[in-house]
Amino acid sequence: MARLLNTADYREAARRFLPRGLFEYIDRGTEDELALANLRRALDDLYLTPSVLAGHPARELATTVLGQSIGLPMVIAPTALAGLVAHDGEVKLARAAARQRIPFCISTQSVTTIEEVRAGAPDATVWFQLYLWKDRELSYRLLDRVRACGVTTLVVTADTPVGPNREYNKRNGFGVPFSYSTRAVLDVLEHPRWFASVLLRYLATTGMPSYGHYPAEFRNSVTRAQIHRAVALENLLNWDDLSELRRRWPGQILLKGVLAVADAIRAADVGLDGVVVSAHGGRNLDVAPPSADVLPAIAEAVGNRIEVLADSGARRGSDVLKYVALGAKAVMLGRAPLWGLAAGGEAGADGLLAMLRTEIDLAMTFLGIARPEETRGRIVRRVA
Ligand SMILES: Cc1cc2nc3c(=O)[nH]c(=O)nc-3n(C[C@H](O)[C@H](O)[C@H](O)COP(=O)(O)O)c2cc1C
């Protein structure tokens with residue numbers, strides 16, 4: 001692990017460890033992968049201007065999000081099936097997040113449940129990402145479980161009305177539910193370290209990994225043929241649903257996947273506490289604009305009313321600072337922590353997060369600033 005010096009190194013280690021189908025499910029985008037490339041282009045086209053002779057002996061990376069003090073302007077983004085990357089992957093990510101004092105957002109589609117994460121990482125600040133199911137009553141019951149675990153922050157994902165067109169998954173024979181195609185089986189056998197330390201370990205204990213939060217009566221093993229309609233994702237999610245969630249959920253609600261100013265204003269109008277400006281890591285709509293391009297207008301429109309977070313494409317500490325410079329309070333990271341987890345389990349996730357902390361601190365030193373928010377006004381966009 002000492003040889004892993006940046007997220008690209010961790011990604012390479014993840015590529016070696018994970019079956020190709022799982023690695024590509026995490027790594028790639030959708031259709032022609034334009035969104036994925038545009039996310040990087042948009043971040044790479046931004047500069048941060050330093051002040052010289054302004055070095056601060058002490059830099060303070062901590063900030064406040066939704067009234068909670070966090071150690072870095074970062075949040076671990078919800079990622080489905082993180083528990084396939086390492087055994088009990090979600091618990092390991094939550095523990096790593098706790099060590100950096102940043103929130104861990106668990107996905108509705110996690111392998112490990114919210115109760116297991118609460119028990120395994122009692123010190124973690126855990127947020128819950130909600131994909132509303134067709135059968136809303138089942139979703140509301142899940143939210144009761146989430147509340148009972150002491151979670152106060154709900155992240156409602158709004159940008160996935162349909163399963164995206166990820167052709168590589170079809171080619172790899174990777175799918176949720178899993179298929180037992182020759183290709184998929186060979187892929188697993190070619191990655192014996194993953195097979196032994198993740199899949200076999202589940203098989204020997206709790207059985208074939210499944211979507212842990214799905215109600216027992218529909219708890220499909222991820223190898224089963226069909227997800228029952230009751231727990232299919234609600235493709236007709238609308239603003240009335242958000243108002244209803246607002247009425248039911250006593251804590252804070254963030255709407256994730258917002259890219260339009262009008263949607264952010266509406267989120268504030270229905271009483272939500274914040275938005276996550278997100279292109280879903282370039283995994284959903286391939287012609288979506290990069291978060292960095294739309295974030296300034298959204299922050300300008302609603303930043304004084306609600307909390308604005310951002311994600312998609314962050315790979316360096318300086319990317320986190322760029323999003324903060326554009327108006328985000330904190331930045332969610334999806335793939336990078338998964339690569340850390342794949343590269344070295346919990347220690348790998350720790351190493352990855354510590355590395356990003358060091359990168360942020362280093363960039364702040366060069367910039368001559370004491371706090372991440374001081375990047376505001378330092379951003380320059382490359383003119384084509
Ligand atoms: C493997 C994987 C699974 C994901 N699953 C979910 C999910 O269940 N719910 C959700 O809201 N977003 C999900 N996302 C999107 C992330 O929350 C986040 O928006 C995105 O990964 C940020 O981009 P980045 O990976 O470049 O950091 C997933 C992303 C990845 C890579």
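Me: Before we look at this predicted model, what makes a space in it a cavity?

Reply: A cavity is a set of points where a 1.4 Å probe fits but cannot get out. By this rule, the model has one cavity of 30 Å³ or more, and the largest cavity has a volume of about 30 Å³.

Me: What makes a residue part of the lining, and which ones are in it?

Reply: A lining residue has an atom within 4 Å of a point. For the largest cavity, the residues are I76, A77, P78, T79, A82, E90, L93, F104, C105, I106 and S107. Helix α4 (89–100) and strand β5 (104–106) each give two or more residues, and β5 gives the most, with three.

Me: How do you know what kind of residues face the largest cavity?

Reply: Sort the lining by class: eight residues are nonpolar, two polar and one charged. Glu counts as charged, so E90 from the lining list goes in that class.

Me: Which residues is M74 in contact with, leaving aside neighbours within four places in sequence?

Reply: M74 is in contact with I102, P103, V320, A330, V331, L333, L353, L356 and I360.

Notes
Residues numbered from 1 in each chain as written. Predicted model: local features only at pLDDT ≥ 70, side-chain atom pairs only at ≥ 80, totals over all residues. Heavy atoms only, no water. Contact = heavy atoms within 4.5 Å. 1 Å grid on protein atoms, 1.4 Å probe; cavity = no way out; pocket = protein on both sides within 12 Å on 5 of 7 lines; lining within 4 Å. Points joined across faces, edges and corners; volume = space filled by probe spheres on them. Helix = DSSP H or I, 4+ residues; strand = E, 2+ residues; numbered from the N terminus.
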